[in-house]
Amino acid sequence: MYASILFSTLFLTRLLSGVVGKDLAASLSAGQRAALYPAYTYVPSIDADWKPDPHGLPIVKLNVSIDPLSAESPVVPSLQISSIPSLLTKPLPKASEFWYEHITHNGISPFITNGSEWKVFRNVKDYGAKGDGVTDDAAAIQAAVSDGGRGGNSLGTTGAPAVIYFPSGTYLMRSSVQSYVDTFFIGNPIDRPTLKASADFAHPMLLYMKDPRFGETINFYIGVKNLILDSTAFPANSPFTLMDYSVSQATQLTNVAFRMPPSSQHTGLATPEGGSGTYMGDLEFSGGLIGINMNNQQYSIKDCSFSGVSTAVMISHGFDLVFQGFNFSNCEVGINATLGGVGNVGSVTLIDSVAESVQVVIDTKSQIVGNTTTGDASIVIDNLETKNVESTVVAGGKTILTGSVPKTWVYGNAYLPGGPVSGAHNAGVTYQTSRSPQLVAGGKYFTMAPPTYQEYSIDQVVNIKSVKDFPVYGDGQTDDTHNINAILARNAGCAITFFPAGTYLVSDTIIVPPGSRIIGEALSAISAVGSKFSDADSPKAMIQVGSPGETGIAQISDMLFTVADVLPGCILVQVNMAGTSPGDVGFWNSHFRIGGAAGSAVQTKCQTGIPCKAAFMLLHLTATSSAYIEDMWGWTADHDLDGNNNQLISTGRGALVESQLGTWLIGTAFEHHTLYQYNFVSASNVLVSMQQSETPYWQGIGGPAQAPAPWTPSDSFSDPTFSHCGTDDPNCRMAWYQRIVSGSNMYIYGSGFWTFFNNVGDCKGVNGTCQDNANEIVGSPTGLFWWNVNTRGCLNVLVDNGVVVQTQNNNPGSWGAVVAATLTYSGLLGRVRRWIG
């Protein structure tokens, strides 16, 4: 599809038939058409023909006695739940009192044989680890990881969840540990344990977090947090890497320190096999040759420090990379983006960062000299402070920027009001941008580390399965609705609520009241079932966070939201309330899954014919809400994780954002939803820091339905109608990646929108593209700053009120196209200052 592409008769025919709107087609002159669609000859040097080839790992030991659709009647106690005093104002606990280490661990894996006996929580000391800094603990740690036949081929992708827990101590290791999907390494955050490579370590890698049974792009449900990884005893002149993290979505790497010898050949974190990642953050790197060796499709990486590392970030490959809150000190190079040919690096965004005593902050390829594209390797720097720095940006060996960047600096293609149809190349331009005060703290965008609740003691945390007279089962077959609601209402403002691993069936809305703090284990699942979620004309929320006008705290971590049946009237999560401070209402490492796994009838009901309407919407942030969301994957399954069933599923909508009070989306991905992935409708005060999406694989030419089918658009939810498309125009009638409908003060950094298929096969669109239109703007938003948009397989990058304004042809680079700056609604016209160092 990336061979030489010329403006063809086929293209003209489709253009005039409504691909880009009948009014536009009628008014375009030949010159305008030529300006929008010049010859496209771009071929990325990496992954040009790559397509997902996902497969599951069947659960051989399936528990056939579990039937979520025959949920047992809820146990409704006749008595009122006893109240408890507020426990959240007690003094901090001692280091030995991390609540998670001591709470009752009764998590289960409901959908495998004998799943009620499955051991989720695994303290490595129970497997013989000493943590004394002398004993070789590698074998004991591996035993904890592998116990129960994990790593074999009988428990599927989701059937064998495990938390590998490390109490405080130093765990000497003389050999590597191999992990698997559905595995979470967790240490005591009050006194982080150290995993230390011995001087005579036998391998080049301390931890292999990628599961070798799966390709890197389907290594899901993995976590590492609250640890110190140490290679300071290993010979400095020998190559060594602390962690292989070649993983993808629904993974969390946070609060981890990578300690390496100064001036050594060591690497902290590497992704050598690639992946399709979303988020990592709150990391520390000291010493070593490379802090992060990045080879991945996209990533949001937040709040990291690099001290004494030769190269903080080496980009071996990455299409859409957003680095936020970085602190470089005593480094030779902050970010090296010079490797590979065109397309090897699509875009790099650096936000709210500091560099001190650094030779070069960003070293990149030239977009002008010896390059076939002026858009590839686009660079956006927003708020960078430098001190004792030789060069801020070097491109093709030439310094093009020095000093701090108090506003926003762009190297790539830009679109402004009144600019040329083809956009303008910025060879180093500073824009005098501003930020909404609702999104900022201390001069930077607000961010917040995932809460561990380490400041609370064991008596301040309630295991939801251990409340007397109010049984909650999480067994995938009992309706837990009533008692979950009763316990959450009782705990609000009084205690943290802990959901042990399991699947909690609910037949009605779960109310999360102000004052709630909820934390799961190995992604504890809440799963909707029953007739109350069946009506697409009157959709109902499974999880309702507060009511309109309410304020307070509502925090949710380490949870999974899903459906147990085909439920066309289910909105999985709706947020109505706001906090009194940023982060009061928030989600961390919390994800969605529709179909594709054991425990949901969608897995087997949706295989052929018209895609089944499995859920109405994943996430709704209403106008009265304000939420901080970090590390979220909203996935409608394109394949079966736990079997070989075809998955022909239609979730109507991804994320609908109407909030006007402050929204932070840090490292999010919404994939395979029918009408859109992201829909911002009259939203205000929004920060998006790296977003990634794919359209449904079954859409496009030859597919079983054309959007909006199988859904009927709803005015109440501001759905797109696809009226700009012809009646039979399947590549136009594909899901929007992103819609921006009016609104104000929106700041979007790093979009990765990838289309791979038409009807799960080769792309058959105009000149080999897969999809006609990627994104649209409706109305006249104000204060919209959209930086580094990357697309694959999309003819038109942006449609503005029915008019095509950005095309792949004019912006070759990345995985197909990249636009560094979309500023047509920014209000910046006339306030641009060219700054070339």
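**Exercise 1.** Which residue lies over the face of Trp815, and at what distance from the ring centre?

*Solution.* The model is predicted: local features need pLDDT of at least 70, side-chain atom pairs count only at pLDDT 80 or more, and totals for chains, interfaces and linings use all residues. Residues are numbered from 1 along each chain as its sequence is written, and side-chain values use heavy atoms, with hydrogens and water left out. Apply the test: NZ of Lys or CZ of Arg within 6 Å of the ring centre and within 35 degrees of the ring normal. Arg792 lies over Trp815, 5.5 Å from the ring centre. Arg435 places its charged end over the ring of Tyr445, at 3.8 Å from the centre.

**Exercise 2.** Classify the pair Phe499 and Tyr504.

*Solution.* Start with the rule. Rings of Phe, Tyr and Trp (its six-membered ring) pair if their centres lie within 6.5 Å; planes under 30 degrees apart are stacked, over 60 edge-to-face, the rest tilted. The whole structure holds 51 aromatic pairs. For Phe499 and Tyr504 the centres are 5.1 Å apart and the planes at 80°, so the pair is edge-to-face. Both Phe499 and Tyr504 are buried (under 20% relative accessible area; exposed is over 50%, partly exposed in between; 1.4 Å probe, protein chains only).

**Exercise 3.** Classify Tyr737 and Phe753, then state whether each is buried or exposed.

*Solution.* The centres are 4.9 Å apart with 5° between the planes, and the Tyr737–Phe753 pair is stacked. Next, accessibility. Tyr737 has a relative accessible area of 0%, so Tyr737 is buried. Phe753 is also at 0%, so Phe753 counts as buried.
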